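Work through the two exercises below with the structure open beside you. Try each task before you read the solution that follows it.

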Amino acid sequence: MALLNKNTHQLLSKIATNDKHGENSPYFDGWKAYNSNPFHPTKNPQGVIQMGLAENQLCFDLIEEWIRNNPKASICTKEGVNCFKYIANFQDYHGLPEFRKAVANFMSKVRGGRVRFDPDRILMSGGATGANELIMFCLADPGDAFLVPSPYYPAFVRDLCWRTRAQLIPVECHSSNNFKITTEALDEAYNKAKEDNINVKGLIITNPSNPLGTTMDRETLKSIVGFINEKNIHLVCDEIYAATVFRAPSFVSVSEVMHEIEHCNSDLIHIIYSLSKDLGLPGFRVGIVYSYNDGVVNNGRKMSSFGLVSSQTQHFLAALLSDENFVERFLAESSRRLAARHSHFTKGLEKVNITCLPSNAGLFCWMNLRSLLKEKTFEGEMMQWRLIINEVKLNVSPGSSFDCSEPGWYRVCFANMDDETVDVALKRIRAFVGKETGKPVELKRCKSNLRLSFSSRRFDENVMSPHMMSPHSPMPHSPLVRAT
Amino acid sequence: MRLLSTKATCNSHGQDSSYFLGWQEYEKNPYDEVHNPKGIIQMGLAENQLSFDLLESWLEKNPDVAGFKRDGKSIFRELGLFQDYHGLPSFKKALVDFMAEIRGNKVTFDPNHIVLTAGATSANETLMFCLAEQGEAFLLPTPYYPGFDRDLKWRTGAEIVPIQCRSSNNFQITEPALREAYEEARKRNLRVKGVLVTNPSNPLGTTMSRSELNLLVDFIKEKNNMHLISDEIYSGTVFSSPGFVSVMEILKERNDVADEVWDRVHVVYSLSKDLGLPGFRVGAIYSENDTVVAAATKMSSFGLVSSQTQYLLSAMLGDKKFRRNYTAENQRRLKRRHRMLVSGLQKAGISCLESNAGLFCWVDMRHLLHSNTFEAEMELWKKIVYKVGLNISPGSSCHCTEPGWFRVCFANMSEDTLGLAMKRFKAFVAESTCTQRTSPLFSNKRKSLTKWVFRLSSRDHHREQEER
């Protein structure tokens, strides 16, 4: 075993031996707790429930049904194998034209048809992880900085800074205005960077937001576009949760507002997309960079060689996403199920006076436990979090891991489990609150559609498969791969 | 302030090279047996298109895989969610078994030491990110795959210093050449972090000898902190003797089991050549160095292999009988094609470097140059692309030190098309020996041709083939 000693540091590069990959953070305790003691309704009902995984597991049945009805979409079936040779051989970094066209149409549909996308501006990448790194390689030199509003997705540090050697400058947002980004905060961060002689190349926002679950309102988005336009810096909009919007207000994409800004320099506008959240297919590694800047498209396309989407997957998705009927039904049904799940969960929390930031999108809630903090500090949050992991047995993500400026907030995922597990989680939270506040918890009997028995075998697929898949590593699932 | 990064605006991606002009021309006028029989035949594509029927018939016999089923049960959901950068264990196991078999089971690979990446393109770049940085260099024997300039240097900031190899000894690596390259790097103020070889070689099509491999291992042992990367992506295409000897076998033979040199030798692999599946983006890094494996695994997040693809291949490669039959039959077909190309060229008075692997031949057309210069090579190449209608790769694009060598692929077309290409070669050579070479107009034409070549090459290319 090669130990990380001085010689290792000379033998390997700095990038290989620093910790900008972010995986040495203390938040992995939550993952460890889950992995060593995962919840199972019958086999391990006292285990830790995974609520740190922003996965969309609600609509697989729709896709599976489509697959059964469309054997031609696979190059392995007898109906589709005539395409095998062509597809298996196809490695053009432009991507299959039908794939790009289908993705462009899908992106447009997700935005209510209000904007059209040019398939020739679509670049492929290895998931949104690859897409974010790629755009950064195109826009920033080592040492350059991007502003990022906090709270933000923790793995941005890895994706945007690790191998690119760029840096992130957080722009603090506060609960006092529901964590909205203000131009004052942007100006302040930008000016301070300038004073420190840091070259700010752009701003990256996630809309809908991870971890907030909110969509950005039109006015704020316009003011942001105005800001970057004025400073002549780039705007990267990570819109990977675009189709997880489940209630009003509807999603407003940067592609819609950019033309409303006078003299907007479209060379500064770039969108990151993926099918990992909207379709629930993170395993297929479909990342998209959509840029209005020709230089980025042309050079980024060459860079995409380092993370092209498997042609087998391109072919499959081209067929799936070109099926307009399916897409419409899927988007509507997915929204409906997310809305139902969100509502059930937040109402369940409200029963014990736990509020979440009002949200209309995403696969998670931004839960407010500030009133229960013993100390209103980040140490207090850490203590509270460890309690939640070890005693309440829920792996939730503390706000500090998202660089939130205020302690006491948690991101809690709700779309990666079945109804029954959600209820177990709610019960545990209610019991925890009761203990913390010293008030006995009244459980109002309410009508529910709880199925009292369910297929535990199906549950097995959900929970046990991580062990089947990665038996040897003490850290079978890096949170930075899965917790997004 | 410059809008884009330096990396996005330089041309270290190497795709402005005239090498890609041939592609452009081919795209404009591609040969088709029926629709365009006078078009350009693509001979610059190192693809293996000879054995798809074997893969297709396997699929026919294994319908479960097609339906995302395992033992009749749907696993679509499992696959859709699976994004663990450790990779699908069943796929890694099948892959290492396949790799071991290709090496006659003389070496075995631990699935825990394999890192999956999006193609060998990504594997090479990732390994470079782990081992080298700005101010550092890897030594590469020439001629080498043009894409290395992009894969190893572009975003990593590392440098390549060539080890000059010559036809006088069939382009084998010699100790003086190795040391000369090392000195050259030092003169350029570059710290040498290692040597990277492709074995079997692209573009030579030859397997490396035991003595060359031992020379390299001796060399990195002598120096501190130096690595040896062996890109073995053509290992399954060896179709005749001498067989394939992997650097791993050499290490084992040297009995240096406890030797720390094991920590400094790394293998790159891919299924793009051996299985003919470049579209699926399946690459791998193999290393006994735990730190490299750990770092590369994290980096693989930027280019994981689609779970759908991992699953398909775990079933296919996990079928022992299939993979043995495939490998044997594939090699038989490659051998036949190779013989066809070599004898076809011989009939045209053109010889090839003797080779036993790969999807191409390294063809000697030095006698057709009217001067021993790269300008003459370019001119000859232009003629072959535009007039003869064959897109072949000039040696200069592979950084060859001697003009007049060309890489010609033989496994990416039908037998009939290859036959036609041979006819065209023969006709061209016959015509060339009759043509007057001396003409006052000739040198002017040459100059304007070169200018035109360079102007064309600076335009953005509409299409690039991922070529190895």
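**Exercise 1.** In this predicted model, find how many salt bridges the rule gives across the interface of chain B and chain A, and then describe the interface around them.

*Solution.* Step one is the count, and the rule finds one salt bridge between chain B and chain A. Step two is to name the partners: K14(A) pairs with E133(B), and their closest N and O atoms lie 2.5 Å apart, which is a salt bridge because the cut-off is 4 Å. Step three turns to polar contacts, of which the interface holds 26 residue pairs, both residues being at pLDDT 80 or more. On the side of chain B that touches chain A, helix 7 (residues 119-131) of chain B gives the largest share, with seven residues, and that side as a whole divides into 34 nonpolar, 28 polar and 25 charged residues.

Step four is the extent of the interface: chain B contributes 87 residues and chain A contributes 97 residues, while the area buried between the two chains is about 8500 Å², with 57% of it from carbon and sulfur atoms. Of the area that chain B buries against chain A, 11% comes from R77(B), Q83(B) and F302(B), more than from any other three residues.

**Exercise 2.** Decide whether T215(A) is buried or exposed, and say where T215(A) lies.

*Solution.* Begin with the position, which is the loop of chain A between strand 5 (200-206) and helix 10 (218-231). Next, T215(A) counts as buried because its relative accessibility is 12%, and the cut-off for buried is under 20%. Finally, look at the surroundings: the side chain of T215(A) makes a polar contact of 2.9 Å with the side chain of N360(A), and, leaving aside neighbours within four places in sequence, T215(A) also has contacts that include V245(A), F251(A) and A361(A).

How values were computed: Residues are numbered from 1 along each chain as its sequence is written. Chains are lettered from A and ligands numbered from 1 in the order in which they are written. This is a predicted model: local features need pLDDT of at least 70, side-chain atom pairs count only at pLDDT 80 or more; totals for chains, interfaces and linings use all residues. Side-chain values use heavy atoms; hydrogens and water are left out. Helices (H or I, at least four residues) and strands (E, at least two) are DSSP runs, numbered from the N terminus. Buried means under 20% relative accessible area, exposed over 50%, partly exposed in between (1.4 Å probe, protein chains only). A polar contact is a pair of N or O atoms within 3.5 Å; within protein, one must be able to donate a hydrogen and the other to accept it, and residues adjacent in sequence count only if both atoms are side-chain atoms. Contact means heavy atoms within 4.5 Å. Buried area is the accessible area (1.4 Å probe) that two parts lose on being put together, summed over both. A salt bridge is a side-chain nitrogen of Lys or Arg within 4 Å of a carboxyl oxygen of Asp or Glu. Ala, Val, Leu, Ile, Met, Phe, Trp, Tyr, Cys and Pro count as nonpolar, Asp, Glu, Lys and Arg as charged, and the others, Gly among them, as polar.
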